[in-house]
Amino acid sequence: MRYDKYRAWFVFCAAAISLFASVALLVWLGHSFENFRRANARVVLELTRRNLQETLFGGMNKAVDLAEMMKRAPANSALFLRYADKILKKETAICAYLVADNKVVSIWPKGSFTEEIGRQLREYPYVFSLSRLIRGPFVGGLVDLEDKGNSFLFINPMFEDERYLGEVVVAAKADYVLKELNMAYLRQSGYEYELWRVSPQDGSKEVVEASDPHIDLSDAERCTFYMPTEWTLMIRPIGGWISLRGRLLLFGGGAFVIILLSGCIVLSHITLKQRRQISSILSFDHETGFLNCGGFLEELKRLAARGKNEYTIIYFAMDEYIRLTRIMDEKQRNEYTEHITRCLRDYIYSPHITARMGEASYAVAIFEKMEMKEAGDIARGISLELLWKTRIKENREYIHADWYFVRCPEEGTDPESLITSAIKGCEEKRQRKAMNGISVSL
């Protein structure tokens, strides 16, 4: 009897442990599967965010080009119409406004919407005034422009020193802009999505586009970015992170513990690999293969922890690059990217790391003790190698590099402070050069 009693307890305990282990395994598998899908979603989010910002602030934003052309004659209506016709005639734009002295002085196309000429800026939606406040390009949407319908606004102010001269506003059809953003590919890739922004006027949520406005995406993966108002993109797999079919498969597979454990190992490996891929994407510039700004800083910190505390950071800012890339064709842009990559890779023989700090700036950290003159000679030599000339629309154009260097430990040991000093020094150097109209050397 006692033996049977103990055996019954053993069976009960074994069954309870097996049941608990199976439930724990199912729960763990469920979380692992969801984490795996969330890791994939974060990769998709990052790539989509980059595409959105590059599209809205890149070739689609014609207000930047118009504002640059009108800066010297901010109230010249005839000149504005000529430039706007030249730039926008092939674009799907509704209209373009020229604002000076806080009122509309001209509207493209010529002869259209003439009743709005002379209207004060305050009579238009609030977003018309934001570019002046933030002192830079602004993308607003969706905006209802009365009889013009829903539009995206590309706004760029014009300043002379600290004085506001006016602004250029290009209104593009919302359907066209959303089509160019190509959000539908998320649905085709198996994701529900919602793109929304915070209203700059009252802080409310304004949905720009959603795959299905009736679906709750509160548990979705999301990323926030600025243009310069706050925009948020949320995505979640269709049917949820774990679909009904997935739940059935998990519960059905509970009977095959060994297979499930093997699957867990594979799943964990894939998840870890995915996380490394995400880390790599976030640390490198996809065009050049160099580190980005964050990756550059982390690499310097990592090397400093290993005792590499003698190095020189040379920062390069490419003059005229942003302006010219907007009028270059794709082949010219690729040639120049390859030129920069080749120069920064092949010129330096000492141990070094290279980073693309921004759209038009690069940095090199050379792990070698240098005197001021030696560092200056190397920086000057690299800048000469980076010089590039091309022909655009029958005009000969040049891109050259301004530079500045800092040394560790002579000028500090904190990598972040050294990078900031190099950037600030280069900007001050460029400002002095612009003021004096002559070349400045260290």
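1. A residue is called buried when its relative accessible area is under 20%, exposed when it is over 50%, and partly exposed in between, with a 1.4 Å probe and protein chains only. By that rule Cys408, at 3% relative accessibility, counts as buried, and Cys343 is buried as well, at 8%.

2. The model is predicted, so that local features need pLDDT of at least 70 and side-chain atom pairs count only at pLDDT 80 or more, while totals for chains, interfaces and linings use all residues. Residues are numbered from 1 along each chain as its sequence is written, and side-chain values use heavy atoms, leaving out hydrogens and water.

3. The structure holds 0 disulfides, a disulfide being a pair of cysteine sulfur atoms within 2.5 Å.

4. An open sheet is formed by 4 strands in the order S7-S6-S9-S8, with antiparallel pairing; strands are DSSP runs (E, at least two residues), as helices are (H or I, at least four), numbered from the N terminus, and two strands pair if DSSP finds at least two bridges between them. Strands S7 (205-210) and S8 (221-226) stand at the edges with a single partner strand each, so one side of each lacks a neighbour in the sheet. S8 pairs with S9 (residues 230-237) over 6 bridges, and Cys223 has Leu233 in S9 as its bridge partner.

5. Helix H13 covers residues 415-436. Among its buried residues are Leu418, Ile419, Ala422 and Cys426, and the buried residues fall within an arc of 130 degrees seen down the axis, so they line one face of the helix (the arc is that of the directions from the helix axis to the C-beta atoms). On the other side of H13, Lys424, Ala434 and Met435 are exposed.

Definitions and conventions
The expected span of a helix is 1.5 Å times one less than its number of residues.
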